Amino acid sequence: MATPSVLVVGSTGSIGRHVVHAAALRGLGIRALSRDAARANRAFAGIPGVEVVQGDATEPASLLRFVDAVDAVILVHGDDSRPEGVDYGVVPALLGALNGRRPHVALMSSINATDASGPYADLLTWKRRGERLLRASGLAYTIVRPGWFDAVEFADDRPVLAQGDTARMGGVRREHVAQTLVEAVLTPSASGRTVEVFSGPGSPVSDWDALFAATQADAPGSLDGALDPPNLPLDGEPARVVADLERFGKRPPR
Ligand SMILES: NC(=O)c1ccc[n+]([C@@H]2O[C@H](COP(=O)([O-])OP(=O)(O)OC[C@H]3O[C@@H](n4cnc5c(N)ncnc54)[C@H](OP(=O)(O)O)[C@@H]3O)[C@@H](O)[C@H]2O)c1
């Protein structure tokens with residue numbers, strides 16, 4: 001079988017760099033996207049299987065050149081100052097660029113995505129809208145919501161999955177976020193699931209299939225993750241979001 005390949009959007013970020021390393025450790029072919037290829041080439045020099053590609057992931061035409069022949073896409077982009085344009089906008093741009101191709105898409109979102117309150121409410125709600133559009137797309141997907149980066153104890157060596165978005169605090173090693181995303185695109189039982197990821201005491205995961213299988217799959221046709229509260233009614237959503245759901249959704253949204 002040919003080596004599976006993955007496009008990493010946000011490859012130069014604090015999580016993306018770990019994704020590239022984790023994917024290389026699993027022997028994947030890696031297409032690492034950045035708006036600054038020179039910077040990315042410096043970051044990934046010497047890592048086997050990495051091809052750096054340059055483009056803006058908010059532009060479907062830019063992504064179109066790089067989605068060909070990849071088995072999976074891992075989205076770890078982010079720009080807290082442009083949540084609609086970037087955190088959300090990359091998702092419809094990708095779906096537009098795919099044009100019938102069907103890679104497994106793993107999307108990094110955030111804990112508290114379903115809790116639209118506080119200073120990050122706008123950012124988190126746009127991340128949730130990106131999640132919902134991906135669920136509606138009909139693609140194989142996994143949505144990973146990390147806890148607070150690196151707010152962990154010394155012995156927190158084990159990635160821990162949770163659901164329902166109820167843990168308002170809780171930390172996760174950046175390496176565990178990356179590993180969860182990479183294993184998600186390699187593990188059949190991860191498909192159609194939305195999970196939070198934290199780091200806890202214990203040994204590293206040896207059976208990712210069992211770990212994902214122990215979580216609840218998202219309800220087919222639902223815009224929300226399993227156990228998410230139904231607190232973002234479609235009839236209050238921005239026109240752009242409804243239009244994207246109609247354009248890319250495979251089923252009537254509910
Ligand atoms: N801090 C926490 O505890 C925490 C917890 C949960 C979730 N989060 C979320 O995690 C995200 C931050 O992750 P991080 O630390 O890895 O981010 P980061 O270091 O700021 O990296 C952001 C990445 O996004 C890419 N990017 C931005 N705009 C792009 C565009 N138009 N086209 C292509 N790529 C683009 C950048 O790539 P180039 O510059 O190379 O193009 C960069 O690689 C945030 O969205 C945050 O909300 C944070």
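User: What should I know about the numbering and the model before I start?

Analyst: Residues are numbered from 1 along each chain as its sequence is written, and in this predicted model local features need pLDDT of at least 70, side-chain atom pairs count only at pLDDT 80 or more, and totals for chains, interfaces and linings use all residues. Side-chain values use heavy atoms, with hydrogens and water left out.

User: Which residues come nearest to the ligand?

Analyst: A residue is near a molecule or strand if one of its heavy atoms lies within 4 Å of it. Here 26 residues are around the ligand, and T12, S14, S34, R35 and K127 come nearest. Helices (DSSP runs of H or I, at least four residues) and strands (runs of E, at least two) are numbered from the N terminus. α4 (83–88), α6 (121–136) and β7 (148–149) each supply at least two residues of the shell around the ligand.

User: How much of the ligand does the protein bury?

Analyst: Accessible areas come from the Shrake-Rupley method with a 1.4 Å probe; for residues, only the protein chains shown count as cover. The ligand taken alone exposes 940 Å², and the protein buries 83% of that.

User: Is helix α5 buried or exposed?

Analyst: Buried means under 20% relative accessible area, exposed over 50%, and partly exposed in between (1.4 Å probe, protein chains only). Eight of the nine residues of α5 (residues 90–98) are buried, so this helix is largely enclosed by the rest of the structure. The buried ones are V90, V91, P92, A93, L94, L95, A97 and L98.

User: What covers the buried residues of α1?

Analyst: In α1 (residues 16–25) the buried residues are G16, V19, V20, A22, A23 and A24. Their cover includes β1 (5–9), β2 (29–34), β3 (50–54), β4 (72–75) and α7 (174–186).

User: Where does phi take a positive value in a residue other than glycine?

Analyst: Most residues other than glycine have a negative phi. A69 has phi near 65°, and L227 has phi near 75°. A69 is in the loop between α3 (60–64) and β4, and A69 is exposed at 62% relative accessible area. L227 is in the loop between α8 (208–213) and α9 (239–248), and L227 is also exposed, at 52%.

User: What does the side chain of D165 reach?

Analyst: D165 lies in the loop between β8 (158–162) and β9 (171–172) and is buried at 1% relative accessibility. Its side chain reaches the backbone nitrogen of N112 at 2.7 Å. Contact means heavy atoms within 4.5 Å. Leaving aside neighbours within four places in sequence, D165 is in contact with residues including R145, E196 and D228.

User: And which backbone nitrogen does the side chain of D87 reach?

Analyst: The side chain of D87 reaches the backbone nitrogen of D79 at 3.0 Å. D87 is in helix α4 and counts as buried at 4% relative accessibility.

How values were computed. A polar contact is a pair of N or O atoms within 3.5 Å; within protein, one must be able to donate a hydrogen and the other to accept it, and residues adjacent in sequence count only if both atoms are side-chain atoms.
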